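Q: I'd like to learn how to read packing in a model like this one. Can you take me through it, feature by feature?

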Amino acid sequence: MPSSHILQFIGGLVFFFYGLFIIHQGLQFFAGDRLKNMIARTTEGPVKSLFTGILVTFFFQSSSAVTVMTASLAGSGLITLEEAMAVALGAGIGTTFVVLLIAVKSIISSGIILIAIGVAFRVFGARQVVRLTGDVLIGFGMVFFGMLVMAEASTPLKHYEWMPLVFEFMEKHLVVSFLFSALVTALVHSSGVVLGIVISLAYAGSITFEASMPLILGANIGTCFTAIITTLGAPTEAKRAAWANLLLRVGAVLLIVPVYSYYLKFTVWFNELILVHMLELEATVHAGIGLSHFLFNVLVALIFLPFLPLGKKCVCWLIPSRNEVEPFGPKYLDKNALSTPTLAFAQATREVIRMGEIVQQMFRESLSLFERYDPDRVSDIEQRDHQVDTLYKATKFYLARLSVGALKEEEADTELYLITAANELESIGDTIDRHILRLAHKKWNKGVKFSDEGWKELGELHQGVLSMLDLALASFSTSSEELARKMIHHQSFYNDREDQLKISHLMRLNQGLQESIDTSAIHLELLSLFHRINLSLLTMVNHLLPEKIRVPGGLE
């Protein structure tokens, strides 16, 4: 290949690689915390975890990043090792989206158009979300444009006499091709880059489908090493999650090796089925590479999903536990106490109070995000919400293990009160995580600020809710009717003050104060969320109050 074509190919590769980086960065900045939150919340059972992995990686477009994220959650005890393994299987499928796109020539020809649209969004977009969308479009445009440049630079290869010898070597020395692909993928931390190069060679007619197969398999193995390297100093469970992903894929390759010729024929049949018979398209090499990458990851998931418990045992045997800080979880739920309901209730009460202290910390820090939006602090608050969810789930199942039929009426009531309190605290955590953080992001995204008076009023009501939290935890922990009654009086005063401050806000709107106009929807919704939290706190202690003054609709 002449030096000009080599430079052209390198230039196309740079466009391709940087485009993938921009896509990943844009989507991570826009939705990274939400996607991490989604993994922690929706991984219940292997099948659900698999589809969570597919969906999250579809948007994130980096199986390596999702696997690292999943390993981190496993190391924190927020998801189990089996769930992390299932998410990793789904991530392998989800990451095939870009590869399938670049395998369609009619799509990659639109690269320049996407870059132009993305630049327009980036330059003229008034809102942050529009500018981030522009970044993602620019990224896809650069990926597609880079593919075209690499394909054009690779075209002369097919005219060289030594190319058939290279193909023959690759087809005869499958292990060398496989290891080379795995090594390059591990170095660049992206199977998409390696497969993009292979597909660009296919566009130029410079590689055969048979020669591409070991490269596809190698790329799927090499992409696992990013998570392994990232978790070197992480907790044991995080290391296990990273290594499990590698072992699953190596296991799939080992199953293929004895029947490789049949597997090759099967992929050819599958490609013809999809392209020729279903889509009525030509069965090209570049399209076949994209579909084969997809097929491998689907087969890995189908084969190993039912055997995840066995895989967990193997990984735990290979990576034994060591002395380290244990992952977050309940401290006080002693199984031995279940035989004595009174003792079990005392243990559960301590865990619920622990939940309340975490929620209190979350709420205390949430208001500062409206003054200065800090993604790291957002991540910390979301992490604490995961902890609240973990304690809620553990406490609920712990209490459920008490035999309701064997409990006295008073004990059954106590069990219900504890579950109600835990449920209300979990609900407050969700309100902070899903709604208050959303409003903080919305305010930052719009680039607006509260008026000085409005900000002072929000701070006053925020402090009022914190006082209610203090009273609720003290009342709950001591079973004090006196403190519960103080909460009723505090709420009555809070309601009057809230009404006054709403009127004050409306007066600023009538005066045409621009800051109040810009933030009115956020201001009023924030007041509504504060009010909702107060009602949840009152429901927590409803059982301590005389029936005539209990909160209407309280769970009893």
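Predicted model: local features only at pLDDT ≥ 70, side-chain atom pairs only at ≥ 80, totals over all residues.

Q: Which residues of α4 and α16 meet?
A: From α4 you have Leu89, Gly92 and Ile93, and they meet Phe294, Asn297, Val298, Val300 and Ala301 of α16. Sorted by class, the contact of α4 with α16 has 6 nonpolar residues, 2 polar ones and no charged ones.

Q: What about α11 and α16, at what angle do they pack?
A: Helix α11 (residues 191-203) packs with α16 at about 155 degrees, and the axes are 8 Å apart. The pair is therefore roughly antiparallel. On the α11 side the contact uses Leu195, Val198, Ile199, Ala202 and Tyr203, and on the α16 side Val285, His286, Ile289 and His293.

Q: Let me zoom in on a single residue. Is Leu291 buried or exposed?
A: For that, look at relative accessible area, where under 20% means buried. Leu291 sits in helix α16, and its relative accessible area is 11%, so Leu291 is buried.

Q: Which residues does Leu291 touch, leaving out those up to four places away in sequence?
A: Leu291 touches Leu100, Phe270, Asn271, Ile274 and Leu275. Take Asn271 from that list: Asn271 and Leu291 are 20 residues apart along the chain, and their C-alpha atoms are separated by 6.5 Å.

Q: Now try me on another helix pair. How far apart are the axes of α19 and α20?
A: Their axes are 10 Å apart, and helix α19 (residues 375-400) packs with helix α20 (residues 409-446) at about 160 degrees. That makes α19 and α20 roughly antiparallel, therefore, and their crossing is left-handed.

Q: Let's turn to aromatic rings. How many aromatic pairs are there?
A: The idea is to read a ring pair from the distance of the centres and the angle of the planes. The count here is 5 aromatic pairs. One of them is Phe363 with Phe530: the ring centres are 5.4 Å apart and the planes stand at 75 degrees, so the pair is edge-to-face. Phe363 belongs to helix α18 (residues 341-366) and Phe530 to helix α23 (residues 514-540), so this pair links distant parts of the chain, 167 residues apart. Both Phe363 and Phe530 are buried.

Q: And how are the rings of Phe370 and Phe450 placed?
A: Their centres lie 6.2 Å apart with the planes at 40 degrees, so that pair is tilted. Phe370 is in the loop between α18 and α19, while Phe450 is in the loop between α20 and α21 (452-478), so the pair ties together parts that are 80 residues apart in sequence. Phe370 and Phe450 are both buried. Ring pairs also link Phe370, Phe450 and Trp455 into a cluster.

Q: Is Ser479 buried or exposed?
A: Over 50% relative accessibility means exposed, and Ser479 has 52%, so it counts as exposed. Ser479 lies in the loop between α21 and α22 (481-510). Its phi is near 55 degrees, a positive value in a residue other than glycine.

Q: Let's step back to the whole chain. How many helices and strands are there?
A: The chain has 23 helices and 0 strands. Of its 556 residues, 53% are buried. Among contacts between residues at least 6 apart in sequence, 80% join residues at least 24 apart.

Notes
Residues numbered from 1 in each chain as written. Heavy atoms only, no water. Axes fitted to C-alpha atoms, helices over the stretch in contact; angles between N-to-C directions. Helix = DSSP H or I, 4+ residues; strand = E, 2+ residues; numbered from the N terminus. Parallel < 35°, antiparallel > 145°, perpendicular 65-115°, else oblique. Left-handed = near helix turned anticlockwise from the far one by under 90°. Phe/Tyr/Trp six-rings, centres within 6.5 Å; stacked < 30°, edge-to-face > 60°. Buried < 20%, exposed > 50% of the residue type's maximum accessible area, 1.4 Å probe, protein only. Contact = heavy atoms within 4.5 Å. Nonpolar A, V, L, I, M, F, W, Y, C, P; charged D, E, K, R; others polar.
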